[in-house]
2 protein chains.
Amino acid sequence: MANTPPDLNLDKLDLNIIQQLMHDASLSYAEIGKKLFVSAGTIHVRIKKLQEAGVISGMKYQVDLKKLGYDVIAFIGIYLEKSSLYDTVAKDLKKIPEIVRMNYTTGNYSIFVEVVCKDINQLRYILHDELQKIKGIERTETILSLEESLHRTVTVTPA
Amino acid sequence: MANTPPDLNLDKLDLNIIQQLMHDASLSYAEIGKKLFVSAGTIHVRIKKLQEAGVISGMKYQVDLKKLGYDVIAFIGIYLEKSSLYDTVAKDLKKIPEIVRMNYTTGNYSIFVEVVCKDINQLRYILHDELQKIKGIERTETILSLEESLHRTVTVTPA
DNA sequence: ATTGAAAGAGTCTCAGT
DNA sequence: ACTGAGACTCTTTCAAT
C-alpha cells in the first residue's frame, strides 16, 4: 500500500515542461525550448526521461462530449451492505461503460462514481437496472450535474 | 440555455476517428487510416473538420500527479445560504488553483467540486481557511478518495 | 469527398563539447 | 548533461478524380 517512490529528482526544467505539456501536447520541442531557454534536443531528452519514469504517459485529444450527444453527467454515491464487498462490487461496476470514474472513499459513501450518458432515460436505466442487479449495494444517491462550470488541471510549476 | 446544435452529421468514420484520438492522440494519420481503410489524407481532412466544429479540441499529456507529490483527491459538496449566490461563490472558488472541477448540481449540494492537493494539511488549509472566507457558503461536506480505481473516458463508437 | 505525391515542419539519433 | 546537424517520419497542401 506504500506510495510510489516520490523522489524522481525532477528539477525546475522538468516541472516546467510538464506544466506546458499537460495543457497543450501539440507544442513542438523547439517551441517549448524557446520558452525555457534550452535547445529542442534537451526538451526531447527530458520528455523521454519523464515518459520512461511514467510521470507523463500518453497524449489524448479533448472531446466535447456534449456535441456527441452525451448531455448527462452524474455522480453516484454508493452505500455497501458491508465494506468488505468493495472488490467484488467494484469489479461489477467497471463493466458498465458509462461509469468513467470510480473512487473508494471515506465519508457517507463507500464508493463514489461518475457517470457520463446520453440522456436521463439512460441514467435511469443504469440506476434502476444495472446497479440494482449488483449484489452488495445497499442503496445509492445521485447527484446530477446541471452545469459544469470548471474543468482544468492542477498547476504544477515550482513555487 | 439551449444546448449546442446536436446534429453535426458525424458518420461512422468520424466517430471511429474520435474514438481513436480520445485514447491516443499520438497515432499518425497513416496509422489511423490503415485501421479504418482510408487514406491518411482523408483522416487529415476529417480531423480538421472535427476541430473546426469544436468536437475535438487540443491534445494534452496525461500526467501522473501522484508521482509529483499530489497525493490527495477530495470531493467537496457545498451548501449555499441561498442558491442565488451560485455565481458569486463560483467566481471565488475558481480562484483556488487546487479546485480542478466544479459542477452546479441537484441533490443535497448546490455546488460540487473536486480538489487535488499535496497532502491532508493542504486540504485542511483549503477547507478551513480558503473556503471559510467565501461569503455565501453555509457548510461543506468532504468526501476523501482513498483510492482511484477507475478513470477512463466514455466509449463513443457507433452501436 | 477521397486520393497520392510533393513541400514543409517536426522528431529522433548521434558525435562533439 | 546540453548542443547542433543529418536522417527520417509526419503533417499539410494541392491538383486530379
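## Domains of chain A

Chain A is divided into domain 1 (1-62) and domain 2 (65-145), with bounds that come from an automatic or database domain assignment. The centres of domain 1 of chain A and domain 2 of chain A, taken over C-alpha atoms, are separated by 34 Å.

This is a predicted model, in which local features need pLDDT of at least 70 and side-chain atom pairs count only at pLDDT 80 or more, while totals for chains, interfaces and linings use all residues. Residues are numbered from 1 along each chain as its sequence is written, chains are lettered from A and ligands numbered from 1 in the order in which they are written, and side-chain values use heavy atoms, with hydrogens and water left out.

## How the two copies are related

## Around DNA strand C

A residue is near a strand if one of its heavy atoms lies within 4 Å of it, and the residues that surround DNA strand C are A:S28, A:Y29, A:H44, A:K48, B:V38, B:S39, B:G41, B:T42 and B:R46. Sugar and phosphate account for 87% of the atoms of DNA strand C that come within 4 Å of the protein. Helix 3 (40-52) of chain A and helix 3 (40-52) of chain B each supply at least two residues of this surface, and helix 3 of chain B gives the largest share, three residues.

Phosphate oxygens of DNA strand C lie 3.1 Å from an N or O atom in the side chain of A:Y29, 2.8 Å from a backbone N or O atom of B:S39 and 2.5 Å from a polar side-chain atom of B:T42.

## Around DNA strand D

DNA strand D is surrounded by A:V38, A:S39, A:T42, A:R46, B:S28, B:Y29, B:H44 and B:K48. Of its atoms within 4 Å of the protein, 85% belong to sugar or phosphate and the rest to bases.

A phosphate oxygen of DNA strand D is 2.6 Å from a side-chain N or O atom of A:T42, one is 2.8 Å from a side-chain N or O atom of A:R46, and one is 3.0 Å from a polar backbone atom of B:Y29.

Terms used:
A polar contact is a pair of N or O atoms within 3.5 Å; within protein, one must be able to donate a hydrogen and the other to accept it, and residues adjacent in sequence count only if both atoms are side-chain atoms. Helices (H or I, at least four residues) and strands (E, at least two) are DSSP runs, numbered from the N terminus.
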